[in-house]
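Here are a few exercises to work through with the model open in your viewer. Try each task before you read its solution.

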Amino acid sequence: MHLLMFFRHAACLLTGLLALGSMTGCGQGQDPVERFLETHWQDPLPPQGTPPAGFSALEASLSPQACAQCHPGQFEGWKESLHSKTMGPGIAWQLKLMSQEQGNRCLRCHAPLAEQKALVALDHGWPNAPDRSIPGYVSRDLAHQGLACASCHVRQHERFGPPPRIEPVKDGPHGGFRISQAFADSRFCASCHQFPQDGPRIAGKLQEDTYQQWLASPFARPGAGQQTCQSCHMPDRQHLWRGIHDPDMTRKALDVKLSVVGQGGGDYEAVAEVRNSGAGHHFPTYMVAKVELLFVRRDRDGGEHALGRQLIGWQVDTPITREMADTRIPAGEKRVFRQAFSAPAGQDWEVELVLRVAPGEHYERIYRDSLRQADRLPEDAVGLLRLALANVEGARYELMRVRAEAGPARPPADRRAAIAN
Ligand code: HEC
Ligand code: HEC
Ligand code: HEC
Ligand code: HEC
Ligand code: HEC
């Protein structure tokens with residue numbers, strides 16, 4: 001319900017920008033992309049129903065492994081991507097504590113097909129789990145496969161895809177396919193990466209706001225520099241969806257400069273300028289990921305001194321009620337982090353900035369808090385919770401090291417002033 005309302009807002013905004021005010025019919029579903037998405041991502045999705053009579057078992061199957069027989073490239077990418085892992089232990093332990101109604105609210109984004117919801121209901125013994133046998137085109141593990149190919153591409157057994165890059169074959173498998181421009185439009189992704197305007201907020205800000213952040217960014221402006229969610233996250237239509245879990249992708253987001261300024265009296269300030277030049281939304285976009293900035297002074301004689309630690313990210317408490325700080329960097333913008341320190345006169349040293357990424361930092365805290373109450377949770381949920389914590393901790397990595405531009409071993413700027421003192 002809320003979702004449909006949101007699409008209307010977003011589409012009006014976009015049409016307004018593009019068509020410069022020829023707004024007749026906005027809100028009536030005039031825009032074909034908007035009209036398509038309202039049905040394509042309706043909540044809940046209706047079951048696929050009986051496959052067309054001419055379909056082979058392979059053509060009817062909703063399983064990604066069936067699609068892989070003819071679309072191996074997309075399958076290889078998807079299998080590596082986080083979209084194939086949306087039903088991992090992180091959500092699984094929580095589903096064990098939920099009612100069907102609560103659970104289905106999560107599944108709308110994590111396993112949206114009606115057939116997947118039915119399988120989850122069977123697994124959890126939820127009251128209105130289907131009692132009919134599972135149809136042949138539904139593999140028993142379909143829910144565990146997360147955001148399967150069919151979630152984005154199949155409705156009522158019909159395939160939907162972007163405009164083809166090669167001339168479609170006549171009488172191709174699965175009855176051909178229907179083309180929609182929506183697949184190349186950022187609004188396609190907004191369905192799950194953007195809360196509606198009346199969704200939950202902290203400090204006035206929507207908890208999930210990626211599409212709106214993009215819309216406000218230079219990347220959304222029509223022209224040579226325009227980039228959509230797909231052009232950055234699915235280059236050449238690859239199905240990898242690399243994001244903050246991927247070091248190479250994350251390095252593309254940032255330009256980092258470090259300098260050291262002498263303040264006199266052996267006091268200095270390290271100044272890190274971090275620009276989000278390559279992410280089409282805030283860096284990082286949600287409250288989930290954090291990037292640590294560690295300032296380190298290295299002495300020539302091998303001594304190493306941690307000078308301080310600062311964070312890029314939206315810091316929110318675990319009950320998700322209070323904002324501690326928000327140091328995310330909007331697309332195209334720069335944030336400056338300053339670290340004061342002192343150093344003994346007459347010694348050679350240099351300052352280095354180490355950037356470390358904790359892609360699921362917010363979940364780490366939630367999982368640790370929950371483990372403290374493990375005695376109140378069912379045993380199978382605790383096992384999954386431990387696994388979820390290990391996964392999310394294991395996803396941390398070092399992103400890059402940056403040395404002060406003043407150059408090594410030179411107490412920079414005004415060494416004389418420092419020595420004179
Ligand atoms: C999260 C949604 C999503 C999932 C899951 C997904 N796709 Fe796609 N797929 C897309 C989008 C969006 C495009 C169009 C990208 C573009 O136009 O830049 C696309 C494009 C395609 C194309 C056209 C490719 C081309 O080169 O022209 C095929 C075929 C395809 N997908 C098959 C699959 C298969 C098979 C799977 C599972 C292994 C899958 N997709 C999973 C969203 C998805
Ligand atoms: C509007 C779509 C949406 C809904 C509804 C939703 N999620 Fe998510 N969820 C996401 C997105 C997008 C991410 C990825 C966040 C990121 O990359 O930082 C995510 C990530 C997660 C993760 C971390 C990744 C993982 O799989 O371990 C967990 C756990 C999770 N969600 C649990 C839930 C639970 C529990 C619910 C229901 C209470 C829920 N989600 C409802 C969209 C949604
Ligand atoms: C027996 C082989 C076969 C199977 C199985 C199969 N496909 Fe296809 N698919 C094709 C072929 C061939 C085409 C190109 C059809 C054409 O050109 O008319 C195609 C086209 C598509 C397109 C349109 C691509 C575009 O350019 O827009 C999508 C999307 C798609 N398939 C998704 C899927 C999904 C999802 C599955 C699994 C649920 C699947 N297919 C299973 C052979 C197959
Ligand atoms: C049906 C819901 C849904 C749709 C549609 C969807 N996503 Fe996602 N996406 C998710 C969920 C849930 C996750 C979290 C996966 C996890 O961490 O387990 C996710 C994860 C991601 C990530 C990984 C981020 C990271 O943390 O590294 C990227 C990037 C991404 N999505 C981009 C896209 C793009 C681009 C599109 C549109 C083509 C799209 N998504 C469409 C639900 C969706
Ligand atoms: C100009 C390229 C670009 C565009 C456009 C873009 N992204 Fe990203 N995105 C990135 C880069 C680079 C990262 C890794 C750094 C980061 O996390 O911000 C990323 C990260 C992400 C993540 C990981 C989670 C996080 O905390 O940042 C998600 C989810 C995501 N993008 C979804 C989207 C969606 C949805 C859209 C469209 C509304 C989109 N992106 C548009 C480049 C882009």
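**Exercise 1.** Find which residues come nearest to ligand 4, and work out which helices supply its shell.

*Solution.* Step one: list the neighbours, counting a residue as near if its C-beta atom, placed from the backbone, lies within 6 Å of the molecule. There are 23 residues around ligand 4, and C189, C192, C229, H233 and G243 come nearest. Before going on, keep in mind that this is a predicted model, where local features need pLDDT of at least 70 and side-chain atom pairs count only at pLDDT 80 or more, while totals for chains, interfaces and linings use all residues. As for labels, residues are numbered from 1 along each chain as its sequence is written, and chains are lettered from A and ligands numbered from 1 in the order in which they are written.

Helices α7 (100-110), α10 and α12 each supply at least two residues. The largest share, 5 residues, comes from α10.

Step three: sort by class. Ala, Val, Leu, Ile, Met, Phe, Trp, Tyr, Cys and Pro count as nonpolar, Asp, Glu, Lys and Arg as charged, and the others, Gly among them, as polar. That gives 11 nonpolar, 11 polar and 1 charged residues around ligand 4.

**Exercise 2.** Work out the strand order of the open sheet and name its edge strands.

*Solution.* First, pair the strands, which takes at least two DSSP bridges between them. Strands β1 (residues 154-155) and β2 (residues 158-161) run antiparallel, joined by 2 bridges, and V154 stands opposite R159 in β2. Their hairpin has 2 residues between the strands, and Q156 takes a positive phi near 50° there.

Second, look at β3 (residues 178-179): 2 bridges join β2 to it, this time parallel. Here G161 has I179 as its bridge partner.

The edge strands are β1 and β3, since each pairs on one side only.

Notes
Helices (H or I, at least four residues) and strands (E, at least two) are DSSP runs, numbered from the N terminus.
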